[in-house]
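User: I would like to learn how to read a protein model step by step. Could you take me through the main features and show me how each one is read here?

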Amino acid sequence: MAHSRRNAETLLETLTEYDRLVEVGIGRRTDVAAALADRGVAVTATDVHDRSVPDGVRFVRDDIVDPDPAVYATADAIYALHLPPELHRPALAVAREADADLLFTTLGGDQPAIPVERRTIETGTLYVARAAAGRRR
């Protein structure tokens with residue numbers, strides 16, 4: 001692990017650059033949201049099903065395809081782990097409406113369906129769509 005950490009950022013290092021995050025489709029994988037909350041980041045987790053989330057993480061039932069814009073309005077960034085290609089465009093639309101960056105990973109060989117920057121992280125590639133050209137993190 002030490003070798004890969006020298007060559008790549010960790011997902012948490014990247015996400016902790018933001019103060020307010022929304023995780024899309026948390027499912028049962030709550031470790032990233034928990035670690036972010038432990039580091040003082042405000043995290044809201046969403047899913048189409050009711051989910052249990054760790055202490056310090058707010059949960060809102062929401063569908064990124066038919067979103068409640070208020071859930072995302074104050075986010076600095078929206079992130080998703082293993083986001084399927086059919087959700088890339090809806091997630092980007094929500095992020096742009098909120099003036100937030102979108103960061104996501106995909107499953108296996110799925111490629112992004114939207115224009116992105118690629119960042120190497122310890123688990124592979126993190127795709128980043130910026131909120132606005134002038135916003136840099």
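**Reading the model**

Analyst: Let us begin with overall size, bearing in mind that this is a predicted model. A compact globule of 137 residues would have a radius of gyration near 14 Å, and because the protein has 14 Å, the two agree. Taken along the principal axes, the box filled by the C-alpha atoms is roughly 40 × 35 × 30 Å.

User: What is the mean pLDDT of the protein?

Analyst: pLDDT is the predictor's confidence in each residue, on a scale from 0 to 100. In this protein the mean is 91, and 91% of the residues reach 70 or more. Residues 1–6, however, have a pLDDT below 50, and beyond near neighbours in sequence this stretch makes three contacts in the model.

User: How many helices and strands does the protein have, and in what order do they run?

Analyst: The secondary structure comes to five helices and seven strands, and from the N terminus on the elements run α-α-β-α-β-β-α-β-α-β-β-β.

User: How should I read burial and contacts across the whole chain?

Analyst: A residue counts as buried when its relative accessible area is under 20%, and buried residues make up 45% of the 137 residues here. For contacts, one looks at how far apart in sequence the partners lie: among contacts between residues at least 6 apart, 47% join residues at least 24 apart. The accessible surface comes to about 7100 Å², of which 47% belongs to carbon and sulfur atoms.

User: How far apart are the mean positions of the positive and negative charges?

Analyst: The protein has 17 positive and 22 negative charges, and their mean positions are 4 Å apart.

User: How do I compare distance along the chain with distance in space?

Analyst: One sets the sequence separation beside the C-alpha distance. Leu126 and His88 are 38 residues apart in sequence and 13 Å apart in space, while Ile121 and His88, 33 residues apart along the chain, have C-alpha atoms separated by 19 Å.

Notes:
Residues numbered from 1 in each chain as written. Predicted model: local features only at pLDDT ≥ 70, side-chain atom pairs only at ≥ 80, totals over all residues. Heavy atoms only, no water. Helix = DSSP H or I, 4+ residues; strand = E, 2+ residues; numbered from the N terminus. Rg over C-alpha atoms; globule rule 2.2 N^0.38 Å. Buried < 20%, exposed > 50% of the residue type's maximum accessible area, 1.4 Å probe, protein only. Contact = heavy atoms within 4.5 Å. Areas by Shrake-Rupley, 256 points an atom, 1.4 Å probe, with all protein chains shown as cover. Lys, Arg positive; Asp, Glu negative; His and termini not counted. Charge placed at Lys NZ, Arg CZ, Asp CG, Glu CD.
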